[in-house]
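Me: Please take me through this structure term by term. I would like each label set against its definition before it is used.

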Amino acid sequence: MTEQTQRTRVAIIGGGPAGSLLSHLLHRQGVENVVLERRSRAYVLSRIRAGVLEHGSVETLVAAGLGERVQSEGYVHDGVFLAFGGRRVRVDFADLTSRSVTIYGQTEVQHDLYDALDERAGRIVFEAEDVALHGVDGDRPAVTYTADGQDHRLEAEWIVGCDGYHGPSRGVIPGDVLRTYERVYPFGWLGILSETPPVSEELIYANHERGFALCSMRNEHLSRYYVQCSLEDAPDDWSDDRFWDELTTRLPDEVGDQLVTGPSIEKSIAPLRSFVAEPMRYGRLLLAGDAAHIVPPTGAKGLNLAISDVVYLARALGEFAANGSTTGLDSYSRTALDRVWKAVRFSWWMTTLMHRFPDQDGFDRRLQQAELSLLESSREARASLATNYVGLPI
Ligand code: APR
Ligand code: PHB
């Protein structure tokens, strides 16, 4: 079988939010690119992920001409609640930061990105199999893959690995160059989606002696709730009744009393981990999004970090395409990692503050209580949380 060879400026591996947004941002600067995605379009669009967009993420989407639906259908939230000890403390983003976040599911962002890609007839190959990277330490890198039973070779100036935690890109960085940092948390999140009105207009993050709980939503008829669970649990261990009982127990009475329950339409368990790979560039390979870093969902930073990475990358690749300058590409890893580590710190801090750890002793528990009490009494403490939650500057 003969191999089909094509050329492009930027080969993007992975058509999740990072890869498809990068493709869009490059297209707007006239930089030709091709996206290779292992899954089908329907599969990518069926993944349920977090739903909080930072202020800067919304600004990015709007500036890229992708703002129509997020602005008309997203919900602007001016604060969140922290619940503990039977009470609730509101962190007022508008007052503390003059900024807000927008509730808009990652699935919707992905829809908007694929719609935009269709409109501009962008090149994306779905169900690309056996994607492999070649020559990233030289000037003429390439990606080979199989699609529709045919072998393909895509030659490019740059390869961007947007292929998530399990993708092949990170693995081509030699072991003596790649450094990884990891923290695995000893619990998971059991999440459900239910066609019920959300219990609260704003998100509630609850610390309870039985474990963490989160009340979130997608719209006024669709709620998203989570409870901390054991990593040994399977979704089938949790009947809807068991889930609702546990959630109610972990919320302050005045919230639990208002909870509207109903059948779950999705139920899954996600493990929690922090992970960072350094550097985010090796030769002609650049990494972005989950391919380079993972955060636990507490604080909803995953999608937002993918967006800031590709904003930096689009600028740097645009500059290279315009005048051959590698200044932005040379500093990409440093610039991106600086922001990544701040979000990793914040997600770790919120996770540590809000969960029950199996080996937690009385001392650890008192520290959590002291920190929550500080957040209640100190505007400065709340301002720090708010500044990180609405998102650090891109
Ligand atoms: N070949 C081609 N594509 C691949 C391969 C491969 N071998 N392996 C993985 N992919 C694709 C996946 O199918 C997926 O669509 O790469 C894409 C990676 O997308 P995401 O995992 O969504 O990662 P990213 O685009 O970086 O977005 C980060 O997603 O996981 C959440 O919490 C995370 O919200 C954050 C966001
Ligand atoms: C969600 O709505 O799925 C969600 C919201 C906030 C988080 C995590 C997940 O911190």
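Reply: The helices and strands named below are DSSP runs, numbered from the N terminus, where a helix is H or I over at least four residues and a strand is E over at least two. This is a predicted model, in which local features need pLDDT of at least 70 and side-chain atom pairs count only at pLDDT 80 or more, while totals for chains, interfaces and linings use all residues. Residues are numbered from 1 along each chain as its sequence is written, chains are lettered from A and ligands numbered from 1 in the order in which they are written, and side-chain values use heavy atoms, with hydrogens and water left out.

Me: Which strands each supply at least two residues of the shell around ligand 2?

Reply: They are strand E16 (213-219) and strand E17 (222-229), and E16 gives the most, with three residues. In total, 14 residues surround ligand 2, a residue being counted if one of its heavy atoms lies within 4 Å. The closest are Tyr205, Ser216, Arg218, Tyr226 and Pro297.

Me: How much of the accessible area of ligand 2 does the protein cover?

Reply: The protein covers 100% of the 280 Å² that ligand 2 has on its own, by the Shrake-Rupley method with a 1.4 Å probe (for residues, only the protein chains shown count as cover).

Me: What is the make-up of the shell around ligand 2 by class?

Reply: That shell has nine nonpolar, three polar and two charged residues. Here Ala, Val, Leu, Ile, Met, Phe, Trp, Tyr, Cys and Pro count as nonpolar, Asp, Glu, Lys and Arg as charged, and the others, Gly among them, as polar.

Me: Which residues come nearest to ligand 1?

Reply: Of the 23 residues around ligand 1, these are Glu37, Arg47, Arg49, Gln106 and Asp290. A polar side-chain atom of Glu37 lies 2.6 Å from an oxygen atom of ligand 1, one of Arg49 lies 2.8 Å from a ligand 1 oxygen, and a polar backbone atom of Ala18 is 2.9 Å from an oxygen of the ligand. Taken alone, ligand 1 exposes 700 Å², of which the protein buries 88%. The shell divides into nine nonpolar, seven polar and seven charged residues; helix H1 (17-28) and H9 each supply at least two of its residues, and the largest share, three residues, comes from H9.

Me: Why is H9 called roughly antiparallel to H10?

Reply: Helix H9 (residues 302-323) and helix H10 (residues 327-354) pack at an angle of about 170°, with their axes 9 Å apart. Axes are lines fitted to C-alpha atoms, for helices over the stretch in contact, and angles run from 0 to 180 degrees between N-to-C directions. Angles under 35 degrees count as roughly parallel, over 145 as roughly antiparallel, 65 to 115 as roughly perpendicular and the rest as oblique, so H9 is roughly antiparallel to H10. Their contact (heavy atoms within 4.5 Å) includes Tyr312 and Phe320 of H9 and Tyr332 and Arg339 of H10, and its residues divide into eleven nonpolar, five polar and three charged.

Me: How do you know that H11 and H12 are roughly perpendicular to each other?

Reply: Helix H11 (residues 362-377) and helix H12 (residues 379-390) pack at about 100°, with their axes 5 Å apart, and they are therefore roughly perpendicular. Leu374, Leu375, Glu376 and Ser377 in H11 meet Arg379, Ala381, Arg382 and Leu385 in H12.

How values were computed
Polar contact = N/O pair within 3.5 Å; in protein donor to acceptor, adjacent residues only side chain to side chain.
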